Amino acid sequence: MSISKIAVIGSGTMGTGISIASAANGVNVAMVDVSDEQLERSRGAAESFFKRQVDKGRLEAADADAALGRITRGTDLGAAGDAGLVIEAVFELLELKHEMYAKLMPIVDKDVIVASNTSALKIADLAKAIDEPSRFLGLHYFSPAEINPIVEVVRGEQTAQAVMDACSAFLEATKKTPIPCKDQNGFAINRFFCPFTNEAVRAMEDGLGTPAQIDRVSRLAVGAAAGPFRVMNLVKPRINMNALRNLEPLGPFYAPADALVALGEAEGLWEMGEDQSDESAEAVIVDRLRGATFLPVLELLDEEVATAADVDTGASLALKFGTPPCALMDQLGKDEVARLVGPMAERYGAPLPQSLARVGTLVSG
Ligand SMILES: NC(=O)c1ccc[n+]([C@@H]2O[C@H](COP(=O)([O-])OP(=O)(O)OC[C@H]3O[C@@H](n4cnc5c(N)ncnc54)[C@H](O)[C@@H]3O)[C@@H](O)[C@H]2O)c1
């Protein structure tokens with residue numbers, strides 16, 4: 001069954017991006033929000049996006065108009081009634097999402113797929129307000145959702161395989177790359193991306209380099225197209241701090257660095273500083289950024305949150321890591337990865353991941 005109409009509930013940053021990405025690929029979208037003002041802002045954002053596409057020669061004006069015409073907007077949740085898939089993207093508050101689902105349940109048939117774009121809430125907890133929870137799952141788009149090709153497809157405890165498959169097919173039809181994963185904190189991608197940024201902050205705290213310097217060195221560590229401090233400034237350090245707090249139940253390794261908490265609480269941005277060169281410090285930074293990326297990747301492989309191939313696809317496409325972590329570990333070999341991960345695990349009292357034994361064949365095996 002292919003999905004030709006979706007409803008997107010919440011027309012903020014993510015809902016707007018999801019509606020654009022879907023409508024651009026032939027899907028009809030009913031956008032619903034409680035705020036008329038926000039719906040108008042969302043309309044403006046969609047119009048500017050498609051205008052830019054036309055100005056850059058990526059889209060014919062008629063196709064842009066057709067895509068815009070596929071999005072309807074309103075405050076009546078009843079517009080979701082004939083959608084094959086409902087994607088919820090309201091504020092990240094469990095109770096608010098539960099209240100919204102309670103209103104949605106009488107409106108949609110029991111076989112309509114319902115998804116949440118949550119970053120940090122458990123799919124299992126959200127599913128409690130859904131009749132027939134086997135049709136509920138996470139569809140975690142990355143910002144900017146109109147452009148970023150990766151979407152994590154998060155299986156809840158009760159999600160049916162047919163629902164996972166139908167959503168993956170829908171994503172592929174809208175030119176997204178689905179990454180199936182388990183309902184674990186941080187899912188697959190933030191699980192290692194946030195520690196990577198956190199370790200950059202810890203390296204700065206330890207006086208190893210300035211943000212500008214650490215960003216440059218991150219290219220040597222994992223081939224990062226944009227360094228961790230630059231990315232944190234784009235998404236806002238406060239969001240990064242919250243994402244790490246969501247990972248903290250997994251152990252002290254994941255606790256946000258002091259400087260990140262101070263900046264995040266103050267809603268500030270990183271000052272990049274001068275990019276100085278210091279080869280011996282930079283070798284340490286490379287080791288630490290790699291160790292802090294590899295440890296959570298090996299842990300998530302132990303927990304079967306996602307496959308090594310999917311982790312690498314996500315790292316390449318969502319994060320623009322030139323050398324994605326599993327392929328890089330295979331290339332470096334077991335001894336070198338143990339040298340990088342061992343001290344990191346020891347410092348935070350984390351057990352050595354069993355997947356370390358598979359380094360060398362993580363991707364091929
Ligand atoms: N911003 C990101 O980078 C990002 C990335 C991935 C996932 N997410 C997740 O996506 C979800 C939305 O985040 P966002 O950044 O787009 O938020 P946002 O604040 O930009 O937008 C949320 C929208 O939901 C609307 N809303 C609130 N209650 C509603 C209700 N009952 N019915 C309909 N609309 C309602 C608000 O008016 C607002 O327009 C959150 O769960 C967030 O964790 C965000």
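The model is predicted, so local features need pLDDT of at least 70, side-chain atom pairs count only at pLDDT 80 or more, and totals for chains, interfaces and linings use all residues.

**Stop 1: helix H8**

Select residues 211-222, which form helix H8. Helices (H or I, at least four residues) and strands (E, at least two) are DSSP runs, numbered from the N terminus. H8 has 12 residues and spans 16 Å from its first C-alpha to its last, close to the expected 16 Å at 1.5 Å a residue; that expected span is 1.5 Å times one less than the number of residues.

Now colour the buried residues of H8: Pro211, Gln213, Ile214, Asp215, Val217, Ser218, Ala221 and Val222. A residue is buried if 20 or more other C-beta atoms lie within 10 Å of its own, exposed if 12 or fewer, and partly exposed in between, with C-beta atoms placed from the backbone. What covers these residues? Show helices H7 (189-205), H9 (228-235), H12 (279-302) and H14 (325-332), which are among the elements that cover them.

**Stop 2: H7 against H9**

Two packed helices are described by the angle between their axes and the distance between the axes. Keep H7 and H9 on screen: their axes come within 9 Å and cross at roughly 115°. Axes here are lines fitted to C-alpha atoms, for helices over the stretch in contact, and angles run from 0 to 180 degrees between N-to-C directions. H7 and H9 are therefore roughly perpendicular to each other (under 35 degrees counts as roughly parallel, over 145 as roughly antiparallel, 65 to 115 as roughly perpendicular and the rest as oblique).

Which residues of H7 and H9 meet? Select Phe196, Thr197 and Ala200 in H7, then Pro228, Phe229, Val231 and Met232 in H9. Residues are in contact if their C-beta atoms, placed from the backbone, lie within 7 Å. This contact of H7 with H9 has 6 nonpolar residues, 1 polar and no charged. Ala, Val, Leu, Ile, Met, Phe, Trp, Tyr, Cys and Pro count as nonpolar, Asp, Glu, Lys and Arg as charged, and the others, Gly among them, as polar.

**Stop 3: H12 against H14**

Turn next to H12 and H14, which pack at about 105° with axes 10 Å apart. H12 and H14 are therefore roughly perpendicular to each other. Highlight Thr293, Phe294 and Val297 in H12, which meet Pro325, Cys326 and Met329 in H14. By class, the contact of H12 with H14 holds 5 nonpolar residues, 1 polar and no charged.

**Stop 4: the loops**

Go to Pro144, in the loop between strand S6 (136-141) and strand S7 (150-155). A cis peptide bond joins Ser143 to Pro144, with omega about -5°.

Ala160 is partly exposed, with 17 other C-beta atoms within 10 Å. Leaving aside residues up to four places away in sequence, Ala160 touches Ser134 and Arg135.

Now pick Glu267, in the loop between helix H11 (258-265) and H12. Glu267 is not a glycine, yet has a positive phi of about 55°. Is Glu267 buried or exposed? Glu267 is exposed, with 9 other C-beta atoms within 10 Å.

Finish at Lys320, in the loop between helix H13 (308-317) and H14. Phi of Lys320 is also positive, near 60°, and Lys320 is partly exposed, with 15 other C-beta atoms within 10 Å.

Notes:
Residues are numbered from 1 along each chain as its sequence is written. Two residues are in contact if their C-beta atoms, placed from the backbone, lie within 7 Å.
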